[in-house]
Amino acid sequence: HVLASEVVILIDDDEVFENKKFVDMATEFIGKRIYGKGIYGMAGYYLNKYNEFYDDVDMVPWMTYWDRFGSKTKAFDKIIDSEPRIKRTPFAFGGLMVMHKNLFKIIPFDKDVRRGEDIDYLINAKMYGFDFFLDNTLNIKHLPPKKNHPLWKRLREDMYRFLFEQAKIRSQTEVRNMHTVTSEDFSPYPGDFLNEDLEDKVFKTNILLALEYLADGDVKGCRESIKNIYLSKYEAIPKEDPFAAYLNKQKNWVKLTEITSKHRTSLRK
């Protein structure tokens, strides 16, 4: 914004550019209209090392009630692997998001979300009337490093992120020029993890993971998995109203972008 940019392209540091026309493709539709709607947020998708857009993950027993990758597969089949090329999307990846200034001047990232800031941004944008669209020809090779955190830790962070989003959706109040969103607006993913059965999913999944750790003789893993259940009830749910808090952040962000516009020259220096 300080550089008076029209468009920003967000990428991650574990991605490889293989398409020489990537930037042209990424900006082809941004700022234009389609289906009577302005396109201010565009998403692409990742290709793994096998040039597939599905997650390279094997289903294991503890995932029985936490089928995040199954939900993502349904979403990918529905949005990526179908026509038309450009369509509204319930998900976006922070490693390939394209945003027009009309969007990023109004919608800030929420500093209170621990992870999954891309999905959170899409939810916030939709509340303010901005849809994200996905281009099913826009992709980038994603070669993530090996995950070093234990399963109970990764599940904990997922648990925190979904409970935060659920609380934000639940705490919405009627505000002029804003839209009330529901978990169904983001179905099948991440909507499947924002429904009323989220608490049940968290409980059953952590019990299964704890039993798996116990069978392997990993007492710490078992203990931490059980602790996840406690945290989900007493720590993970935001103490502060996340919707009201975001309204304040958004107002401050708009003021900041307006000040930036007025003092752009001095800020560049």
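Helices (H or I, at least four residues) and strands (E, at least two) are DSSP runs, numbered from the N terminus.

## About the model

This is a predicted model: local features need pLDDT of at least 70, side-chain atom pairs count only at pLDDT 80 or more, and totals for chains, interfaces and linings use all residues. Residues are numbered from 1 along each chain as its sequence is written, and side-chain values use heavy atoms, with hydrogens and water left out.

Most residues other than glycine have a negative phi, and most peptide bonds are trans. Here are some exceptions. Tyr35 sits in the loop between strand S3 (33–34) and strand S4 (37–38). Tyr35 is not a glycine, yet its phi is positive, about 55°. Ala4 is not a glycine either, and its phi is positive at about 60°. Ala4 belongs to the segment before strand S1 (7–11). Buried means under 20% relative accessible area, exposed over 50%, and partly exposed in between (1.4 Å probe, protein chains only). Ala4 counts as partly exposed because its relative accessibility is 36%.

Two peptide bonds are cis. One runs from Glu83 to Pro84, with omega near 0°. Pro84 lies in the loop between helix H2 and strand S6 (86–88). Another runs from Ser187 to Pro188, with omega near 5°. Pro188 lies in the loop between H5 and H6.

## The largest pocket

Rolling a probe the size of a water molecule over the atoms shows where empty space is left. The search uses a 1 Å grid over the protein atoms alone. A cavity is a set of points where a 1.4 Å probe fits but cannot get out. A pocket is an open set with protein on both sides within 12 Å along at least five of seven lines. Lining residues have an atom within 4 Å of a point. Grid points are joined across faces, edges and corners, and a volume is the space filled by probe spheres set on the points.

The largest pocket holds about 1,700 Å³ of space. Its lining has 50 residues, and Arg68, Arg115, His142, Pro144 and Lys147 lie nearest the centre. Strand S5 (41–47), helix H2 (68–79), helix H4 (117–127) and helix H5 (151–170) each give two or more residues to this lining. H5 gives the largest share, 7 residues. Ala, Val, Leu, Ile, Met, Phe, Trp, Tyr, Cys and Pro count as nonpolar, Asp, Glu, Lys and Arg as charged, and the others, Gly among them, as polar. By that scheme the lining has 23 nonpolar, 7 polar and 20 charged residues.

Two packed helices are described by the angle between their axes and the distance between the axes. Axes are lines fitted to C-alpha atoms, for helices over the stretch in contact, and angles run from 0 to 180 degrees between N-to-C directions. Angles under 35 degrees count as roughly parallel, over 145 as roughly antiparallel, 65 to 115 as roughly perpendicular and the rest as oblique. Contact means heavy atoms within 4.5 Å.

The axes of H5 and helix H8 (residues 242–262) come within 7 Å and cross at roughly 80°. H5 is therefore roughly perpendicular to H8. Phe164, Ala167 and Lys168 of H5 touch Pro242, Phe243 and Tyr246 of H8. These contact residues are 5 nonpolar, no polar and 1 charged.

With H6, the H5 axis comes within 11 Å and crosses at roughly 175°. So H5 is roughly antiparallel to H6. In H5, residues including Leu151, Trp152 and Leu155 meet H6 residues, among them Leu198, Val202 and Thr205. This contact divides into 10 nonpolar, 3 polar and no charged residues.

Val175 lies in the loop between H5 and helix H6 (198–215). Val175 is partly exposed because its relative accessible area is 27%. Beyond its neighbours within four places in sequence, Val175 is in contact with Phe243 and Leu247.

Lys201 is part of helix H6. Lys201 is buried because its relative accessible area is 14%. Leaving aside neighbours within four places in sequence, Lys201 is in contact with Tyr65, Trp66, Asp192 and Phe193.

## Helix H4

H4 is mostly covered, with 9 of its 11 residues buried. Among the buried residues are Asp118, Tyr121 and Met127. Their cover includes strand S7 (96–100), helix H3 (101–104), strand S8 (132–142), H5 and H8. Gly129 follows H4 and has a positive phi, near 90°.
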